[in-house]
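Dear colleague,

Please read the notes with the model open beside you.

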Amino acid sequence: MNCRECKEHLYEYLDRELTPSVMEEIRQHVTECPPCSESFDFEKVFLTFVRARCRAQGASPELRRRILDELLDE
Amino acid sequence: MTPPIPPGSPPPATPPSPPPPASSPADADKRASFEREALIHLDSLYRVALRLTGNPAEADDLVQETMLKAYRAWHQFERGTNAKGWLLTILRHAFINEYRRRTRHPETVDIDAIEPFSVFEEIQDDDPQGTFFDRIVDDEVLRAIDALPEQFRETVVLSDVEGMSYEEIARVLEVPVGTVKSRLFRARRLLQQQLYEYAVGMGYIKGNAT
C-alpha cells in the first residue's frame, strides 16, 4: 500500500472500519513511513479532542421527569 | 341487569377504581422494558437533538416528542436490535418534519462542492502534534460543529459524539455506507479547518494560509 492509498482510508482506519487484512496493510505502511505516521497521529489527536469536548452534555433531570410523567399518562 | 346492592353489603369483588389507568400488568411491563431499553439512551438523544436544533428548549421538546412516539410504537421495536439507532431514526424524522421548518432552514449549500484543505499540511512544520487543539474550549468546538452544513453536522455528531459505526449511521440517515464515509471525511476536515482558523485568529498558532 502506498501513501496515497493509505491517506484515502485514513478515517476508516482510525474508526476501525476496515477488514483486518487492510487494517494490517495500513498499519505496516504507517509504521514504516514517517510522514504518514505523523499525519495519522495528527488526525488521531484531532478525533480524540473532538470526542472529549462533546461528551459531557446530557439530558436535564427535568426532561427525564417530564418524560417519565408522560409515560405514566399513556 | 345488575341486581341492586343491599345496604351494608361488602363492595363488589373488583376494586372500585383502579388507580391510574396505566397500572395493568401489561402496561407496567411495557413501561419497564421501555425504561430499560429506550430511556437509557436519553442523553444520546438529547445531545443529537441539541446539535440538530441548536437550542436547548427545542432539543428538550424534540426529545420528549421522540420518546412519546417511540413509546407508542414500542410494540414495533424488534427486541434485542439497536434501540439507540431506532430512537435516533424517530428523532430525525420528527426533526425534519416538524422542527427544521421552525428552527433552521433546509440546506441550500451544495455540500459536494465543499473541498476543505488538510490542516495537517498547513501546520506540519509548526505544530505537527496538534497541540493547539488543547487550547480550544468545549464551547468553541460545539459552535464549530453547529456551523457545519446539516448533513455534515448530523454525520459528525453520530460518529464522533455518539461513537456509532458507519453501518449504524447509514441506517439512521438512510443513506449508503459510502455516503457516510465521504460525508464524514469532508465534515471532519471542514471542522478541523474551522478550528484551525479560530486558533489562528486567537493567536494560539501561527497561520501560514495567507
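**Pockets in the model**

The second largest pocket holds about 200 Å³ of space, and, as with everything that follows, please bear in mind that this comes from a predicted model. Its lining is made up of Phe77(B), Thr81(B), Asn82(B), Gly85(B), Trp86(B), Thr89(B), Ile90(B), His93(B), Glu168(B), Arg171(B) and Val172(B). Two helices of chain B, H4 (83–99) and H8 (166–173), each contribute at least two residues to the lining of this second largest pocket, and H4(B) gives the most, with five residues. Sorted by class, the lining of the second largest pocket comprises four nonpolar, five polar and two charged residues.

Turning to the largest pocket, the space in it comes to about 380 Å³, and 20 residues line it, with Tyr13(A), Leu14(A), Asp15(A), Arg16(A) and Lys44(A) lying nearest its centre. Where does the lining of the largest pocket come from, in terms of helices? In chain A, helix H2 (10–14), helix H3 (20–32) and helix H4 (34–54) each supply at least two of the lining residues, while the largest share, six residues, belongs to H4(A). The class composition of the lining of the largest pocket is eight nonpolar, five polar and seven charged residues.

With best regards

Conventions
Residues are numbered from 1 along each chain as its sequence is written. Chains are lettered from A and ligands numbered from 1 in the order in which they are written. This is a predicted model: local features need pLDDT of at least 70, side-chain atom pairs count only at pLDDT 80 or more; totals for chains, interfaces and linings use all residues. Side-chain values use heavy atoms; hydrogens and water are left out. On a 1 Å grid over the protein atoms alone, a cavity is a set of points where a 1.4 Å probe fits but cannot get out, and a pocket is an open set with protein on both sides within 12 Å along at least five of seven lines; lining residues have an atom within 4 Å of a point. Grid points are joined across faces, edges and corners, and a volume is the space filled by probe spheres set on the points. Helices (H or I, at least four residues) and strands (E, at least two) are DSSP runs, numbered from the N terminus. Ala, Val, Leu, Ile, Met, Phe, Trp, Tyr, Cys and Pro count as nonpolar, Asp, Glu, Lys and Arg as charged, and the others, Gly among them, as polar.
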